[in-house]
Amino acid sequence: MLKNLGLCFSMGSLFLLIAILPLALAGHDYRQALSKSILFFEAQRSGYLPRNQRVQWRGHSGLNDGKISGVDLVGGYYDAGDNVKFGLPMAFTVTMMSWSIIEYGKQMASSGELGHAISAVKWGTDYLIKAHPQPYVLYGEVGDGNTDHYCWQRPEDMTTSRAAYRIDASHPGSDLAGETAAAMAAASVIFRRYNPSYSAELLKHAYQLFDFANKYRGKYDSSITVAQKYYRSVSGYADELLWAAAWLYKATNNYYYLNYLGNNGNSLGGTGWAMTEFGWDVKYAGVQTLVAKFLMQGKSGHNTAIFRKYQEKAEFFMCSCLGKGTRNVQRTPGGLIFRQRWNNMQFVTSASFLLTVYSDYLSSAGKILRCASGNVAPSQLLSFAKSQVDYILGDNPRATSYMVGYGNSFPRQVHHRAASIVSIKQNPSFVSCRGGYATWFSRKASDPNLLTGALVGGPDAYDNFADQRDNHEQTEPATYNNAPLLGTLARLHGGNRGYNQLRPAELLSLKPIASQPKHAPKPGTNPAPASSANPIAIVQKVTTSWISKGKTYYRYSTKVTNKSSKKLKNMKLSVSKLHGPLWGLTKSGDFYFFPAWINSLAAGRSVEFVYIHSSSPAEVTVSNYTLV
């Protein structure tokens, strides 16, 4: 093998090679990278931070957002290293996090990160719901990039404009409304299992937003002109209309949206545009990949012929990434996909995700990829996606990780206001607009706060990188860099076990059978009835069961309802005799609390959680609560 490589070694160098090889072939800790990638989103949170916030150096911020417009726009995510909330990249971030969970939620669960990933999605969708107060009104930006960039302040100190900008019937933005509809629809698929009422609410907004986008057409940056300098809609809105329709069909199986894709594929470019990029602005490759999946699932109906044209364009994208097409993407000498100097990593992670899912789609369908330079096995797509992730994590000419906090060498001077200024919890002294530049931006030292999991913009076309805070093109992170990476990391962590990604999306792989556990409560029974002394009702029921290796497992759904006339807060549950995993609550010590996305329960409202084990139902009791 060494001879075939044309190498010549002395015995000493051969022993050295043998000593080094195990380290080189050991690979990366994808589970750790996934955990850190999700944690990054907590550093980007705006609004009131929850009590289970893990990024402790951040504080509450943007608490008056929307107030001058008479709407509550508190919450959501800052897009990158600034303090502005841009709606288009935020919605795309939510869509891609949701798609990652839909495809690889089981792998996230095995790594213990599914709950955190779902919380990250809900932090975004809670804000998007607020931003859509009327069917034909959507707020697409809070803050102004020009005034924000003039200052260098912590989010907790910011004195810049918090003006809110919106689209409506007279000032349309089909791209913004379409992407937000896609985000709502994709997220609804996740919450269908864990929070059905919330899922239904998301779908209601998705329906309205798609109608808004389709009925009142126009580019959002013609209405929200302050966004043009930062997130200009270069591709227009046609791709977002198709993108939203694809996600609505994915979420509902409603043939209206399937036929919309078929009837409008030519006119809106879904069958015509052959792309070599995918991201917050250009969605065609994502649409084409989803439609190809529908085709392979046998869901095309009478649209089969036109869906094949979508698939041809999806495969053009895959072949171009692999360097086996007629128009291939550029790569650095070290092998990284390269499109542009400013935040190139966004294109790397989004392409890697599409390659990963398409590899699994092809494998599940028993098909191969046909490129201009020859046939490609599904495993080759996944291998290339892995090579991109490995480059990000340190397998590159500089031997540095571009994910903050992963590995021994990673960026230390990230272009990020919150990370680069001492935490307000450590030093509450006010940081002024221009004073932040003088004191903190210009420092030639590591950030005082570690922005764990942040994926920075990355190297240039020749693998060069300068770890300097003022080098925003290379050292600034963004939420949409991380979002598609979650799915790829979860898939790589899951290993090479067989996946059938053409089955209906399920976060848990359950095979229902008719039996019930001997001592399980019948659906609707109430082990903890509400009374004047205990205003909290707890109802447990078996929703399904299955047999694995001769053992019967049960999935229990437990609903906790506030039967009082007051708001329920600070609820603490004890769950004993539990012999399996539990989803939908936050655990701290020996007790369980509300999930991250819920701070309280209004009168008559419920929270639901699920668990799996092979016994009678666990004992769920209320240890503490407050009524206000």
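Author: Helices here are DSSP runs of at least four residues, strands are runs of at least two, and both are numbered from the N terminus. By that count, the protein chain of this predicted model has 18 helices and 16 strands. The chain holds 628 residues, 58% of them buried. Of the contacts between residues at least 6 apart in sequence, 74% join residues at least 24 apart.

The pair to look at is H3 and H13. Two packed helices are described by the angle between their axes and the distance between the axes. Helix H3 covers residues 87-110 and helix H13 covers residues 345-365. Their axes are 12 Å apart and the packing angle is about 30°. Angles under 35 degrees count as roughly parallel, so H3 is roughly parallel to H13. The crossing of H3 past H13 is left-handed.

Next come the residues that meet. From H3 these are Met96, Trp99, Ser100, Glu103 and Tyr104. From H13 they are Phe353, Leu354, Thr356, Val357, Asp360 and Tyr361. Sorted by type, the residues of this contact are 7 nonpolar, 2 polar and 2 charged.

Gln44 sits in the loop between helix H2 (30-43) and strand S1 (85-86). Its relative accessible area is 1%, so Gln44 is buried. Beyond its neighbours within four places in sequence, Gln44 has contacts that include Arg58, Tyr77, His416, Leu451 and Thr479. Gln44 and Ala418 are 374 residues apart in sequence, yet their C-alpha atoms are 8.9 Å apart in space.

Definitions and conventions: Residues numbered from 1 in each chain as written. Predicted model: local features only at pLDDT ≥ 70, side-chain atom pairs only at ≥ 80, totals over all residues. Heavy atoms only, no water. Buried < 20%, exposed > 50% of the residue type's maximum accessible area, 1.4 Å probe, protein only. Contact = heavy atoms within 4.5 Å. Axes fitted to C-alpha atoms, helices over the stretch in contact; angles between N-to-C directions. Parallel < 35°, antiparallel > 145°, perpendicular 65-115°, else oblique. Left-handed = near helix turned anticlockwise from the far one by under 90°. Nonpolar A, V, L, I, M, F, W, Y, C, P; charged D, E, K, R; others polar.
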